[in-house]
Amino acid sequence: MPYKWVVCPEGRGVPYENGKPTGRIRNFVSNAVGLKQGTEGNGVIIWLIGTGETWLVPANEVDKLNVLETGDKYARKICNVCHCLYPVERFARNQNNVHGVVRRPSCMKCRTDIDKRAPKSSQARRMEKHRPAKGIPFKCPICQKRSIAGVTAKVVADHNHHTGNIRDFICDSCNTGLGRFKNGENYLLNAISYLRERDELHQ
């Protein structure tokens, strides 16, 4: 593997900026995963993928990591939010398949933070009165596709993942799409810019 992935179990080091250490030794999140950039004295220069920060970490507090040997089939797994390496038991079970247990991609701590942004119950109850009834015509405000609510399309409540407020009812496909883009305007604008730039390159 060309990349030198490592894990920092202790989670401490000196911030490293502009090619040199800055300040005193400090803590960062333990078990953080990063890329080895080089060495300096008795330390290892590591770029942490979870934060994008670079640290000078004591060499005896850095372990090599084969990222291809992490995940549900192994004893340890990397969280897709904080990018820390944890025992698989720190990831909630999601479902089973022919290969065994499938666990959530985010660790339990990160899942707790995500779940805190679930729809607000009081507003959800008020909005539920306006949910399109099963069997009536429905037009998704995003994709504009016409369907029969609950028959040819599943209609779901879309909520702001930062405030928990429900915005409106949309089709399940668009809700999944927004979820993939983290329900964030910047992600969607980035996607539009990406499409325009790449299409112009290949014209």
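The structure is a predicted model, in which local features need pLDDT of at least 70 and side-chain atom pairs count only at pLDDT 80 or more, whereas totals for chains, interfaces and linings use all residues. Residues are numbered from 1 along each chain as its sequence is written, and side-chain values rest on heavy atoms, with hydrogens and water left out.

Val-62 is placed in the loop between β7 (54-58) and β8, the strands being DSSP runs (E, at least two residues) numbered from the N terminus, as are the helices (H or I, at least four). Not counting residues up to four places away in sequence, Val-62 touches Val-6, Val-7, Val-44, Ile-46 and Val-57, where a contact requires heavy atoms within 4.5 Å. The C-alpha atom of Val-62 is separated by 15 Å from that of Tyr-86, 24 residues apart along the chain. Glu-61 occupies the loop between β7 and β8 as well, and a relative accessibility of 12% places Glu-61 in the buried class. With neighbours within four places in sequence set aside, the contacts of Glu-61 are Val-7, Cys-8, Pro-9, Glu-10 and Arg-12.

Val-62 also belongs to the lining of the second largest pocket, together with Lys-4, Trp-5, Val-6, Lys-36, Val-44, Asp-63, Lys-64 and Leu-65. A pocket is an open set of points on a 1 Å grid over the protein atoms alone, where a 1.4 Å probe fits, with protein on both sides within 12 Å along at least five of seven lines; lining residues have an atom within 4 Å of a point. The volume of this pocket is about 170 Å³, taken as the space filled by probe spheres set on grid points joined across faces, edges and corners. At least two lining residues come from each of β1 (5-8) and β8 (63-64). The lining comprises five nonpolar, no polar and four charged residues (nonpolar: Ala, Val, Leu, Ile, Met, Phe, Trp, Tyr, Cys and Pro; charged: Asp, Glu, Lys and Arg; polar: the others, Gly among them).

At the level of the chain, the secondary structure consists of four helices and 16 strands. The radius of gyration is 22 Å, while a compact globule of 203 residues would have a value near 17 Å (C-alpha atoms; globule rule of 2.2 Å times the number of residues to the power 0.38). Along the principal axes, the C-alpha atoms fill a box of roughly 70 × 45 × 35 Å. Buried residues account for 32% of the 203 residues. Of the contacts between residues at least 6 apart in sequence, 44% join residues at least 24 apart.

No disulfides are counted, the criterion being a pair of cysteine sulfur atoms within 2.5 Å. The sulfur of Cys-82 lies 3.6 Å from its closest cysteine sulfur, that of Cys-79, which is too far for a bond. Cys-174 is likewise in no disulfide, with the nearest cysteine sulfur, in Cys-171, 3.6 Å away. Cys-174 is buried, at 13% relative accessibility.

Positive phi values in residues other than glycine include that of Asn-31, near 65 degrees. Asn-31 is found in the loop between β4 (26-27) and β5 (32-40) and is partly exposed, at 24% relative accessible area. Gln-144 has a positive phi near 65 degrees and lies in the loop between β13 (137-139) and β14 (146-148). The relative accessible area of Gln-144 is 40%, and the residue is therefore partly exposed.

Notes: Buried < 20%, exposed > 50% of the residue type's maximum accessible area, 1.4 Å probe, protein only.
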